[in-house]
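Please find below some numbered remarks on this model, meant to be read with the structure open.

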There are 2 protein chains.
Amino acid sequence: MSKDVPYYAVIFTSTLTENDSGYTEMAERMENLAKKQPGFLGFESARSEVGITVSYWKTLKSIADWKAQTDHQFAQEKGIQDWYKWYKVRICKVERAYDFSREASLL
Amino acid sequence: MSKDVPYYAVIFTSTLTENDSGYTEMAERMENLAKKQPGFLGFESARSEVGITVSYWKTLKSIADWKAQTDHQFAQEKGIQDWYKWYKVRICKVERAYDFSREASLL
């Protein structure tokens, strides 16, 4: 996937409120749902002081369809109501990609 | 910064080897150096199983200049020699950006 540019990335950065009960379960559910969406290419996620989730998509249309997906809409509303102190969404076109691996077989 | 599209993002994802002594110090040093580069706009970083660092830049030229910066070159070589099990670099054009904040003053 990595090198077949161009494709699209959604960079989602956030911090959580103290009221984050149910967040982890919902995040996992959304990850599993996203994987079933047309145009889904991949997913990476990490959280320290800030959380960063990057999802990769074939087209802008596949991103818009995922944003509008019913269960995902519900999760977004719940996130705004309870979970996120703030979030930022950036929709990007991946123009160039390269990688390194200590063991060639890893990638 | 967030909404002044287009600008550029470098998504750097990685996992570390066991031999990561000196990595944290170097990562901090590189963050401080990057902030002084022309065209630098911002920086976000988190590490769980995978590490994700996203840096934001005004132009592709400012990204190329940072990649070629002498101290950064040294850090990249050290990373390949010792620290990274694998990494992926994606150079992206940020085409759309929006955000949410519980307290309007936070952003």
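1. In chain A, the axes of helix H2 (residues 60–68) and helix H3 (residues 70–83) come within 5 Å and cross at roughly 65°, which makes H2(A) roughly perpendicular to H3(A) (65 to 115 degrees). Helices here are DSSP runs (H or I, at least four residues), and axes are lines fitted to C-alpha atoms over the stretch in contact, with angles from 0 to 180 degrees between N-to-C directions.

2. Where these helices touch (heavy atoms within 4.5 Å), Trp66(A), Lys67(A) and Ala68(A) of H2(A) meet Thr70(A), His72(A), Gln73(A) and Gln76(A) of H3(A). The residues of this contact divide into two nonpolar, four polar and one charged.

3. This is a predicted model, in which local features need pLDDT of at least 70 and side-chain atom pairs pLDDT 80 or more, whereas totals for chains, interfaces and linings use all residues. Residues are numbered from 1 along each chain as written, chains are lettered from A in the order written, and side-chain values use heavy atoms, without hydrogens and water.

4. A rotation of 180° with 0.0 Å of shift along its axis superposes chain B on chain A (RMSD 0.0 Å), by least squares on C-alpha atoms with pLDDT of at least 70 in both; that is the relation of a two-fold axis.

5. The contact takes 45 residues from chain B and 45 residues from chain A, and because 100% of the interface residues of chain B are also interface residues in chain A, the copies meet through the same surface.

6. Two salt bridges are counted between chain B and chain A (a side-chain nitrogen of Lys or Arg within 4 Å of a carboxyl oxygen of Asp or Glu), and the side chains of Arg90(A) and Glu44(B) meet in a salt bridge at 3.4 Å, N to O.

Technical notes:
Helix = DSSP H or I, 4+ residues; strand = E, 2+ residues; numbered from the N terminus. Parallel < 35°, antiparallel > 145°, perpendicular 65-115°, else oblique. Nonpolar A, V, L, I, M, F, W, Y, C, P; charged D, E, K, R; others polar.
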